2 protein chains.
Amino acid sequence: MDINKNNDEYIIIVGCGRLGSHLANLLSKERKSVVVIDKDEKAFDRLSDEFSGFTIEADAIEIDTLIKAKIERADVVAATTNDDNTNIMIAQIAKTIYGVPKVIARLFEPSREKVYEELEVETICPTTLSAIEFKSIILKEEEK
Amino acid sequence: MDINKNNDEYIIIVGCGRLGSHLANLLSKERKSVVVIDKDEKAFDRLSDEFSGFTIEADAIEIDTLIKAKIERADVVAATTNDDNTNIMIAQIAKTIYGVPKVIARLFEPSREKVYEELEVETICPTTLSAIEFKSIILKEEEK
């Protein structure tokens with residue numbers, strides 16, 4: 001196991017809801033440097049006891065918050081809030097103002113995907129992923 | 001291509017939101033027999049022009065609706081509404097009353113997974129799928 005490899009990457013996760021907290025826990029397990037931002041302090045209760053990163057209680061749409069999170073040093077920004085508009089705004093700031101190398105955003109409405117593409121932001125659509133998974137289980141069953 | 005194989009399976013999709021409609025469109029493309037149930041007629045606007053299945057505008061929690069959808073003949077029931085409780089109720093009816101061979105439900109709250117396991121219902125959690133996808137993109141990037 002190569003646990004010392006690539007552990008100096010710095011990852012900012014915006015939103016500590018179900019997705020953000022789950023991702024933060026996963027990456028923390030991989031010994032990554034993680035900072036999670038959420039407006040609501042209670043959201044951080046979702047982080048596991050083993051979570052070794054930092055938390056910032058603030059609105060990530062405000063530039064000051066992102067500066068506090070040292071966005072200029074971030075290798076990855078993951079926008080995971082429940083709001084597509086918030087995610088796109090944060091992705092835009094991260095990409096165009098701070099040149100963050102890797103920006104990924106959750107996107108509920110796939111029709112907005114083009115906007116992200118233009119920004120060179122990767123998108124993850126829970127609906128599309130779920131539909132593919134449903135389909136794969138259904139078609140697998142039928143082969144039996 | 002074996003397009004005539006397994007096309008007599010009968011699939012009921014409950015909920016024609018983003019997920020249900022996307023899944024219905026995917027399965028219809030595979031030439032499956034699909035019926036989609038939703039309380040809201042407008043939800044069916046999400047179905048593609050090529051969708052060749054049937055729609056039922058009714059509340060799937062009512063047994064009459066499921067009877068109308070010929071649930072006793074269904075090979076698969078996919079519960080895709082936005083409400084975990086509705087999905088679990090429909091999954092329960094499909095599995096225990098009608099013995100539908102394959103029942104799959106969307107589940108936003110993974111802590112409820114145990115209830116489904118006891119029912120032998122497969123679950124799909126968009127949050128878990130999305131977190132895995134985020135993680136995979138992030139770790140891939142770091143290998144560069």
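Residues are numbered from 1 along each chain as its sequence is written, and chains are lettered from A in the order in which they are written. In this predicted model, local features need pLDDT of at least 70 and side-chain atom pairs count only at pLDDT 80 or more, while totals for chains, interfaces and linings use all residues.

**View 1. The sheet of chain A is open and has 6 strands.** The order is β3-β2-β1-β4-β5-β6, with parallel pairing, where two strands pair if DSSP finds at least two bridges between them and strands are DSSP runs (E, at least two residues) numbered from the N terminus. The edge strands β3 (54-57) and β6 (122-124) of chain A each pair on one side only.

**View 2. Strands β1 (residues 10-14) and β2 (residues 33-38) of chain A run parallel and are joined by 5 bridges.** Within this pairing, A:I11 has A:V34 of β2(A) as its bridge partner.

**View 3. Chain B meets chain A.** Here 29 residues of chain B are in contact with 29 residues of chain A, contact meaning that the C-beta atoms, placed from the backbone, lie within 7 Å. The largest share of the side of chain B that touches chain A, 13 residues, comes from α5(B), a helix (a DSSP run of H or I, at least four residues). Because 100% of the interface residues of chain B are also interface residues in chain A, the copies meet through the same surface.

Conventions:
Contact = placed C-beta atoms within 7 Å.
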